[in-house]
Amino acid sequence: MSFPPWSYFVGSAVFHYLGPSFAVLLFSRVAPLGVAGLRIWSAVLVFLLWRRPWRTLNRDTWRTILLWGAVLALMNSSFYMAIERLPLATVAAIEFLPVIGLAAVGMRTRRNLTALAAAVTGVYLLTDVRLEGEPLGFVFAFANAALFALYVVVAHRAAQSDAGGIDGLAMAMVVATVFVLPIGGVQAVPVLTDPVALAAGIGVGISSSVIPYVCDQLAMARLSRATYALMVALLPATATVVGLVVLQQVPVPTELAGIGLVIAGVSLHRGER
């Protein structure tokens, strides 16, 4: 059975913040960088058992996979440092900002430019409401945003080449474990004696790094980079909904209007390749 390309992105968007919302609940047991490490290590275990992807690494693909893995490690680490200090919806809105440029580059029709404008306005409303919190949180949030834009570029290029697909993703996650070990290894040690935190961390890894990144590869193989980048506008809206359901972070009317504009913009857009 074949699914439309946008359906893969919706799956990615839901789990993109569902997993991190559970990670926030883990911060009382494990430090953020420890959670980031646990997320990546558990995802790698799943990928290795599922795919046995080492056949993917060859002379033509290893550079892309190394860069991809480094970006994943740094992006996930800065993301958790940000959501420890800021509301999930704020981090999600900031995450979208650099991706606006990626979306704008590929917009060739008036309809799609209008769609982009609606989505950007919606994200602005979501950002403007909760632009408060620890200054260091914003440093990590903007670092995560830049890395996320780089992730879109690298992962999209990989998805449409021999370096991509689920096997390429699996090898990139293996590389990410090497980068994240010195960052989160020490903070993850307490998990080894806490079965509840260990089980929760594995759940976060599956819901944050396995399901959404697999969906990303399936979507990126079928969508232009500009179309995918515009769909990223759904992430702040998704984060607001997930923050409400899981973390009881209640949106105000302005945020609801922002969500409506984002959905309208994505609905108006027509794909270009």
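1. The side chain of S78 reaches the backbone oxygen of M75 at 3.1 Å. That is a polar contact, meaning a pair of N or O atoms within 3.5 Å; within protein, one must be able to donate a hydrogen and the other to accept it, and residues adjacent in sequence count only if both atoms are side-chain atoms. Please keep in mind that this is a predicted model, where local features need pLDDT of at least 70, side-chain atom pairs count only at pLDDT 80 or more, and totals for chains, interfaces and linings use all residues. Residues are numbered from 1 along each chain as its sequence is written, and side-chain values use heavy atoms, with hydrogens and water left out.

2. Where does S78 sit? Its place is in helix α3, residues 62-83 (helices are DSSP runs of H or I with at least four residues, numbered from the N terminus). S78 counts as buried because its relative accessibility is 7% (buried is under 20% relative accessible area, exposed over 50%, partly exposed in between, with a 1.4 Å probe and protein chains only).

3. Leaving aside neighbours within four places in sequence, S78 is in contact with F140, A143, N144 and L147 (contact means heavy atoms within 4.5 Å). On the same terms, M173 is in contact with residues including I40, L72 and Y213.

4. Of its 45 residues, W68, L72, Y151 and M173 touch the most other members. Among the elements giving two or more residues to this core are α3 and α6 (135-159).

5. Finally, look at V245, in helix α10, residues 234-247. V245 counts as exposed because its relative accessibility is 60%.

How values were computed. Core = buried A, V, L, I, M, F, W, Y, C linked by side-chain atoms within 4.5 Å.
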